[in-house]
Amino acid sequence: PCTLRWVGDVARLPADAAAAREAALARGVRAFVWDGSPPPHDTGLVIDGLFGRGLQRPLDEPMAEVVRTVRSWGLPVLAIDLPS
């Protein structure tokens with residue numbers, strides 16, 4: 001099973017990202033608003049798709065906290081764009 005931990009404002013997504021999110025939801029991917037809680041005990045991988053290729057600045061809070069939290073879980077992280 002796959003879950004989506006949503007960080008940010010869905011209304012501000014670029015069209016391609018919004019379409020990908022909707023396609024995932026239509027296929028049964030469960031989506032949750034990010035709350036920093038640990039993933040289920042049987043989680044084997046985190047997929048990082050936070051910023052795409054366009055981020056040209058250091059991370060601001062609260063996004064830097066999201067990255068620190070994910071790293072603290074000690075799970076492998078697969079970046080689908082550029083690593084956060």
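This is a predicted model: local features need pLDDT of at least 70, side-chain atom pairs count only at pLDDT 80 or more; totals for chains, interfaces and linings use all residues.
View 1. A search of the whole structure finds four salt bridges (a side-chain nitrogen of Lys or Arg within 4 Å of a carboxyl oxygen of Asp or Glu). In one of them, Glu-61 meets Arg-68 at 2.8 Å, N to O. Glu-65 also bridges to Arg-68, with the closest N and O atoms 2.9 Å apart. Glu-65 and Arg-68 are three residues apart in helix 2, so about one helical turn separates them. Helices (H or I, at least four residues) and strands (E, at least two) are DSSP runs, numbered from the N terminus. Arg-68 is partly exposed at 42% relative accessibility, and Glu-65 is partly exposed at 38%. Here buried means under 20% relative accessible area, exposed over 50%, and partly exposed in between (1.4 Å probe, protein chains only).

View 2. Pro-62 sits in the loop between strand 3 and helix 2. As a reminder, most residues other than glycine have a negative phi, and most peptide bonds are trans.

**View 3. The buried residues of helix 2.** Helix 2 spans residues 63-72, and its buried residues include Met-63, Val-66 and Val-70. Strand 3 (46-48) and strand 4 (77-79) are among the elements that cover the buried residues. After the helix comes Gly-74, with a positive phi near 70 degrees.

**View 4. Aromatic rings of Trp-34 and Trp-73.** You will find one aromatic pair in the structure. Ring centres of Trp-34 and Trp-73 lie 5.9 Å apart and the planes are at 35 degrees, so the pair is tilted. Rings of Phe, Tyr and Trp (its six-membered ring) pair if their centres lie within 6.5 Å; planes under 30 degrees apart count as stacked, over 60 as edge-to-face and the rest as tilted. Trp-34 belongs to the loop between strand 2 (30-33) and strand 3, while Trp-73 belongs to the loop between helix 2 and strand 4, 39 residues apart.

**View 5. Cys-2 and its contacts.** Cys-2 lies in the segment before strand 1 (3-6) and is partly exposed, at 46% relative accessibility. Leaving aside residues up to four places away in sequence, Cys-2 touches Val-29 and Arg-30, where contact means heavy atoms within 4.5 Å. From Cys-2 to Gly-28, the C-alpha atoms are 8.6 Å apart in space, although 26 residues apart in sequence.

Terms used:
Residues are numbered from 1 along each chain as its sequence is written. Side-chain values use heavy atoms; hydrogens and water are left out.
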